[in-house]
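Visitor: I would like to go through the aromatic rings and the nonpolar core of a protein model. Please take me through them step by step.

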Amino acid sequence: MATEHILHMKGGVGETSYVNNSSLQKKVIMQVRTILEENMTFIMSNKSVKGSWKIADLGCSSGLNTLLSVSNIMNIIHKINMKLSNGKPVFQIYLNDVFENDFNTIFKALPDFYQQEREKNVGECFISATPGNFYGRLFPNNYIDFFHSSYSLHWLSQTPKKLIKNGEPLNKGNIYISKTSPPSVYEAYFKQFEKDFNYFLKSRFEELAFDGMMALTFIGRESHDKIISPQGVLGLVLNEMVQEGLVEENKLDMFNFPTYHPTEEEVRQVIEAEGSFTLQIIKTFKMGWDANLEKDNVNYVVDRKMRGEFISKCHRAVFEPLLITGFGENIMDALFSRFAKLLTQLIELETLEFTNIVLFLTKDS
């Protein structure tokens, strides 16, 4: 199943929209900011002065997080320029995501964003959208100065084809890699990630300016991790619904999530084999599935039920459009209600957290 036209976060500004359920992604962006500043300061201090910057955010989605990323990058560049006694640059920003992405929600926020950035006085800024699949070309040769992507590259271009053999599903009863998945399922997922990430790197190499930089953040895993993921927990819920006759068993057996959470070593392996970039830094950090469950930055009592519901809402905003294609819209309320209840139980038994991988790469000449 190709994802180019169906993989997008839940649009709009409703209760279950991505706009209102992406605080985890926001917290990741803020945590990565220090890594960005450290590496950009080091690289830019040894580069020629730029009067203008072309910056692309890949996988921008429909919320305001992409504008937070843009603001962070602009402020870092401005800060470095002031240290180097350079003038204010002009920023041309390109927001990229698949064709079905809700770009309108971002556009409506631009007037306020432009006003805020003018008050900071970091330089002129012009923003436009570049819809398309980042597992392929998006820009002319040697065009972009800085690529940024947060929480997008663990999504694959398609479900691995080798999960079906002679018309039979190899990952029966699962919608992602689980403890019951055979080794061939792992291999199919990694091969698809390897192919996609390799194509991504080749495309960005052609599009980056000769001294271009790239910062990427995505969900990974540790090699010794227990196999537990939000997709896997959803698979348990769907199995329960199959037993109750609410979901067709064949639909469950044939559906597989087009995501892959690589290890740090797997990421290094693909970058080194492709050979176009110098890996300046690779870091990992953990983040709970319910990270950023707070109110006005003030600690307050959070029980298991609230944590489960919070995690369920966050993942519904991300997964629902894709799950609708496999199981229909009618079961979504029941599916995510059950998901929240199961999470409430798991919180007592498991440490529910993501391993995040952060990369900073420069283009080899």
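Guide: One definition comes before the rest: helices are DSSP runs of H or I with at least four residues, numbered from the N terminus. Keep in mind that the model is predicted.

Visitor: In which helix do Phe336 and Phe339 both lie?
Guide: Phe336 and Phe339 form an edge-to-face aromatic pair, with 6.0 Å centre to centre and 80° between the planes. Both residues are buried. They are three residues apart, about one turn of the helix, and that helix is α9 (residues 332-346).

Visitor: How many aromatic pairs are there?
Guide: Two rings pair if their centres lie within 6.5 Å. By this rule the count of aromatic pairs is 24.

Visitor: What kind of aromatic pair do Phe205 and Phe277 form?
Guide: The ring centres of Phe205 and Phe277 are 6.2 Å apart, and the angle between the planes is 85°. Planes over 60 degrees apart count as edge-to-face. The pair of Phe205 and Phe277 is therefore edge-to-face.

Visitor: How many residues apart are Phe205 and Phe277?
Guide: Phe205 belongs to helix α4 (residues 183-207), while Phe277 belongs to strand β8 (residues 277-288). The pair links distant parts of the chain, and the separation is 72 residues.

Visitor: Is Phe277 buried or exposed?
Guide: Buried means under 20% relative accessible area. Phe205, at 23%, is partly exposed. Phe277 has a relative accessibility of 6%, so Phe277 counts as buried.

Visitor: Which residue has its charged end over the ring of Phe205?
Guide: Phe200 has a charge over its ring as well: the charged end of Arg204 sits 4.9 Å from the ring centre. For Phe205 the distance from the ring centre is 4.7 Å, and the residue is Lys363.

Visitor: How many disulfides does a search of the whole structure find?
Guide: Cys60 is buried at 5% relative accessibility, and Cys314 is buried with a relative accessible area of 5%. A disulfide needs two cysteine sulfur atoms within 2.5 Å. The number of disulfides found in the whole structure is zero.

Visitor: How many residues does the largest nonpolar core have?
Guide: In soluble globular proteins, nonpolar side chains tend to be buried together. Residues with the most contacts inside this core include Phe197, Phe200 and Leu359. Leu359 touches Phe197 and Phe218, among others, and ring pairs link Phe197, Phe200 and Phe218 into a cluster with residues including Phe134 and Tyr260. The residue count of the largest nonpolar core is 104.

Notes
Residues are numbered from 1 along each chain as its sequence is written. This is a predicted model: local features need pLDDT of at least 70, side-chain atom pairs count only at pLDDT 80 or more; totals for chains, interfaces and linings use all residues. Side-chain values use heavy atoms; hydrogens and water are left out. Rings of Phe, Tyr and Trp (its six-membered ring) pair if their centres lie within 6.5 Å; planes under 30 degrees apart count as stacked, over 60 as edge-to-face and the rest as tilted. Helices (H or I, at least four residues) and strands (E, at least two) are DSSP runs, numbered from the N terminus. Buried means under 20% relative accessible area, exposed over 50%, partly exposed in between (1.4 Å probe, protein chains only). A charge sits over a ring if NZ of Lys or CZ of Arg is within 6 Å of the ring centre and within 35 degrees of the ring normal. A nonpolar core is a set of buried Ala, Val, Leu, Ile, Met, Phe, Trp, Tyr and Cys residues joined through side-chain atoms within 4.5 Å. Contact means heavy atoms within 4.5 Å. Lists of a residue's contacts leave out its neighbours within four places in sequence.
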